[in-house]
Amino acid sequence: MSRMVKASRIIFVSLFVFPHLANAAVCGSLAAVKDKVEILRLQKGSTQDNARYAMTGKNFTPVECDDVILTSASGSAKVVLGGDKITLAPDSRFEIAGHAFADGKPKVDLLKLTYGKIRGLIQKRTPTGSG
């Protein structure tokens, strides 16, 4: 059996039998999108930061845990992460840089603002069950 046939079978099994391995976890969504907002999303199966494609951000667009969000000079948006909201100002580059899973759901634990401004309420959360 040729290498190409073997590789094709591995890709088929990876994408169709185990589809959860091909998709990143969804950490939130966009809301209150104004003007041009872009999401830079990793290509399926890639872990390289330079292997991203751009898509237009609209209200209710899901935000995956490894997405980068860009706002234009006149654009802005809110990122809803669980019950928290973060507002992105115009000319901002924002990404969810880290997340962990708790109770089977992704929880964001690291945010990265490369440039621009964000606004949000930041609180330290105590683990459930601790006093």
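A nonpolar core, as I use the term here, is a set of buried Ala, Val, Leu, Ile, Met, Phe, Trp, Tyr and Cys residues joined through side-chain atoms within 4.5 Å.

**Entry 1: confidence.** I am working from a predicted model, so I looked up pLDDT before anything else. The protein chain averages 79, and 73% of the residues score at least 70. Strand 5 (residues 68-71) has the highest confidence, at a mean of 95, while helix 1 (residues 3-17) has the lowest, at 43. Over residues 5-22 the pLDDT stays under 50, and there I find 8 contacts beyond four places in sequence. Where pLDDT is low, the predicted coordinates should not be read in detail.

**Entry 2: the core.** Which residues have the most contacts inside the largest nonpolar core? I noted Leu-30, Ile-69, Val-79 and Phe-94, in a core of 15 residues. Strands 1 (26-34), 2 (37-42), 6 (76-81), 7 (84-88) and 8 (93-102) are the elements that each give two or more residues to this core. In soluble globular proteins, nonpolar side chains tend to be buried together.

**Entry 3: around Leu-30.** I set aside neighbours within four places in sequence and listed what Leu-30 touches. Its contacts include Val-37, Ile-39, Phe-60, Val-63, Ile-69 and Val-79, and also Lys-58, Asn-59 and Lys-78.

Entry 4: I traced an open sheet of 5 strands in the order 3-2-5-8-9, paired antiparallel. Strand 3 (52-56) and strand 9 (105-115) are its edges, each pairing on one side only. From one strand to the next, the twist averages 25 degrees.

**Entry 5: one pairing.** Strands 2 and 3 run antiparallel over 5 bridges. Here I found Leu-42 opposite Arg-52 of strand 3.

Notes:
Residues are numbered from 1 along each chain as its sequence is written. This is a predicted model: local features need pLDDT of at least 70, side-chain atom pairs count only at pLDDT 80 or more; totals for chains, interfaces and linings use all residues. Side-chain values use heavy atoms; hydrogens and water are left out. Buried means under 20% relative accessible area, exposed over 50%, partly exposed in between (1.4 Å probe, protein chains only). Helices (H or I, at least four residues) and strands (E, at least two) are DSSP runs, numbered from the N terminus. Contact means heavy atoms within 4.5 Å. pLDDT is the predictor's confidence in each residue, from 0 to 100. Two strands pair if DSSP finds at least two bridges between them. Axes are lines fitted to C-alpha atoms, for helices over the stretch in contact, and angles run from 0 to 180 degrees between N-to-C directions.
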